Amino acid sequence: MKSFTITDTANPAATLQFIEAFNRDLEGLDSSARVAAPQERDDLAMLELLDDEGLVLALIPSSTSPVMAAIAFALYSQAFTRGVEAGERAAWAKLRSLIGAADG
């Protein structure tokens, strides 16, 4: 894995090559995370970190290594999964209490 930074912000081809190389490195790390040029900013010192559905999770510095981006994405995924599971448990508990209240 080599380290990348966007050095020529006036060159769209260089930016595209940078992002493609970064995403290839993420893929090589078996990460489903991807990066893209920021849509809302002209500043390419930041990249959008995208989830596996293409939604923006965060802005990360373009000097971030693909390994660190993959770690950040893995931590996000783990927290998201735990949050969904906690929400499901709470919903089932509420449903059981409502059913119990209707029986009583």
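**View 1. Asn23 and its contacts.** Leaving aside residues up to four places away in sequence, Asn23 touches Arg34 and Val35, where a contact means heavy atoms within 4.5 Å. This is a predicted model, in which local features need pLDDT of at least 70, side-chain atom pairs count only at pLDDT 80 or more, and totals for chains, interfaces and linings use all residues. Residues are numbered from 1 along each chain as its sequence is written, and side-chain values use heavy atoms, with hydrogens and water left out. Asn23 sits in helix 1 (residues 12-28); helices (H or I, at least four residues) are DSSP runs, numbered from the N terminus. Asn23 counts as buried because its relative accessibility is 15% (buried is under 20% relative accessible area, exposed over 50%, partly exposed in between, with a 1.4 Å probe and protein chains only).

**View 2. The Phe18 and Phe22 pair in helix 1.** Searching the whole structure gives 3 aromatic pairs. One of them joins Phe18 and Phe22, tilted, at 6.0 Å centre to centre with 50° between the planes. Rings of Phe, Tyr and Trp (its six-membered ring) pair if their centres lie within 6.5 Å; planes under 30 degrees apart are stacked, over 60 edge-to-face, and the rest tilted. Phe18 and Phe22 are 4 residues apart, about one turn of the helix, and both are buried.

**View 3. The Tyr76 and Phe80 pair in helix 2.** Here Tyr76 and Phe80 are stacked, 6.0 Å centre to centre and 25° between the planes. Both lie in helix 2 (residues 66-103), 4 residues apart. Tyr76 counts as partly exposed because its relative accessibility is 33%. Together with Phe73, Tyr76 and Phe80 make up one aromatic cluster.

Methods. Helices (H or I, at least four residues) and strands (E, at least two) are DSSP runs, numbered from the N terminus.
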